[in-house]
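Colleague: I have a model open on my screen and would like to learn how to read it. Could you take me through it, feature by feature?

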Amino acid sequence: MINRVFDQEYLRDPHAVYARLRQEQPVALTVTSQGVRVWLVTRYEDVKAVLADPRMSKNFTDNPHIMKANEIEGGDSSGAAAVVPDNMLFNDPPDHARLRRLVLAAFTAGRVRALRPRIEELSRGLLDGLGGEFDLMKEYAVPLPAMVVGELLGIPEPDWPKVIDWSSTTIEGSALDPAEVVAAAQATVAYLGDLCAAKRENPGDDLVSALVHAHDEEGRMTMEELVSTTWLLLVAGHETTVHLIANGMRALLRRPDQMALLRADPALVPQAIEEFLRFDGPLSTSTYRFTTEPVTIGETDIPAGALVLVSLLSANRDAAQYERPDDLDVSRRAGQHLAFGHGIHYCLGASLARTEGEVAFTHLLTRFPGLEPAGETRWRVGMLMHGLTGLPVRVAGG
């Protein structure tokens, strides 16, 4: 039986839908808003197992019959995958391992640490212009990661708004017309191709210049892989951090006792970041995988060539893994959450997202001791990202 999961009830309260599925149908055959049949996995242990299972492939480029058989026309990861397939997100070993090693060589822990003072400077600059009543999402949670990823990649500052707009359109996926998603991905690819050419002529101390060097001097990346990998870093480096900040602040605003704990003990902020990621992480589901052979997940047999999605949001609220999973507890040790994935596709930018989160929450709590909600919030439409359409706040007495 096909369970229609992604409906209006889901948009109102995805956690309630996922709680029911974990109890009644932990591996459910469903249909996405684009009409794609997919197996949805919702329990923590099953999700973790799928993410590490080598029988689950992400390489649709070399297996076009899978997309055709499942009538994938676009949306979510599929539309982008057709335009920028040559990166580690849409590849399996050995190509995945090769590309990941190249990015890791350029995207070092030292580079992230060196970026922290600049993140703090950008954060303070944004907060200096805020007060009274404002949309924290629009005025802070969106621009801060955009500025950081622009700095990291070496994108000229005047180009940041249009590039991030393309990125956001691409990642919206199921909420948009597939043609719009593909067009945004194509515009981004064209721009990044020009950026790589510019870095070849005038390299800088940035990630794109380092990857261009890996392509030109070492010959370990094709041009397609270079541009596609740069696209992945742009998209992943922006959207997830936006929703970490906004979703986390929404949770704190709705639980003043937890905000008071953080204000009283700022040393809890790094731990609180992990709890925000667990409680309302930036990703609802993974991108598509498909089975290369028959696979049994839990007690459900899935045939070869079937699409599989895992719900990271659901796994992180599983009562079999966490006590009081629906409670926000900034003192919780939530380090085993799956918000950044698991296995070979574990988020390469996790350390940068954590650093940005620590700066953002520390500065917000310090700068605005009287911050309070100023209106209703709504989750945006879409299957992949778990994010808000806005976050209206006011500074008490401001």
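Modeller: We start with the whole chain and then go to single residues. Keep in mind that this is a predicted model.

Colleague: Begin with the fold. How many helices and strands does the chain have?

Modeller: The chain has 17 helices and ten strands. The C-alpha trace spans about 60 × 60 × 35 Å along its principal axes.

Colleague: What share of the residues is buried?

Modeller: Buried means under 20% relative accessible area. By that cut-off, 57% of the 398 residues are buried. Look at the surface too. The chain exposes about 16400 Å², and carbon and sulfur atoms supply 51% of that area.

Colleague: What share of the contacts joins residues at least 24 apart in sequence?

Modeller: Take the contacts between residues at least 6 apart in sequence. Of these, 73% join residues at least 24 apart.

Colleague: And charge? How many positive and negative side chains are there?

Modeller: There are 38 positive and 54 negative side chains in the chain. The centres of the two sets lie 4 Å apart.

Colleague: Now a helix. Is α9 mostly buried or exposed?

Modeller: Helix α9 covers residues 143-153, and ten of its eleven residues are buried, so the helix is largely enclosed by the rest of the structure. Among the buried ones are P143, P145, M147 and L153. Just after α9, G154 takes a positive phi of about 85 degrees.

Colleague: Which other residue has a positive phi, one that is not glycine?

Modeller: Look at R324, with phi near 45 degrees. R324 sits in the loop between α16 (312-315) and α17 (350-367). Its relative accessibility is 44%, so R324 counts as partly exposed.

Colleague: Which residues does a cis peptide bond join?

Modeller: Go to P93 and P94. A cis peptide bond joins them, with omega about 5 degrees. P94 is in the loop between α5 (76-83) and α6 (95-106).

Colleague: Pick a helix residue next. Where is N247, and what does it touch?

Modeller: N247 is in helix α13, residues 223-253. With a relative accessible area of 1%, N247 is buried. Leave out residues up to four places away in sequence. N247 then touches D280, G281, P282, W379, H386, G387 and L388. A141 is 106 residues from N247 along the chain, and their C-alpha atoms are separated by 9.5 Å.

Colleague: Let me try a loop residue. Is L130 buried or exposed?

Modeller: L130 is buried, because its relative accessibility is 16% and the cut-off is under 20%. L130 lies in the loop between α7 (109-128) and β4 (133-135). Its contacts, again without residues up to four places away in sequence, are E139, Y140 and F368. For a separation in space, take D318. L130 and D318 are 188 residues apart in sequence and 38 Å apart, C-alpha to C-alpha.

Colleague: One last case. Where does Y288 lie?

Modeller: Y288 is in the loop between α15 (269-280) and β5 (289-291). Y288 is buried, with a relative accessible area of 3%. Now find K58. Y288 and K58 are 230 residues apart in sequence, and 6.8 Å separates their C-alpha atoms in space.

How values were computed
Residues are numbered from 1 along each chain as its sequence is written. This is a predicted model: local features need pLDDT of at least 70, side-chain atom pairs count only at pLDDT 80 or more; totals for chains, interfaces and linings use all residues. Side-chain values use heavy atoms; hydrogens and water are left out. Helices (H or I, at least four residues) and strands (E, at least two) are DSSP runs, numbered from the N terminus. Buried means under 20% relative accessible area, exposed over 50%, partly exposed in between (1.4 Å probe, protein chains only). Contact means heavy atoms within 4.5 Å. Accessible areas come from the Shrake-Rupley method with a 1.4 Å probe; for residues, only the protein chains shown count as cover. Lys and Arg count as positive and Asp and Glu as negative; His and the chain ends are not counted. The place of a charge is taken as NZ of Lys, CZ of Arg, CG of Asp or CD of Glu.
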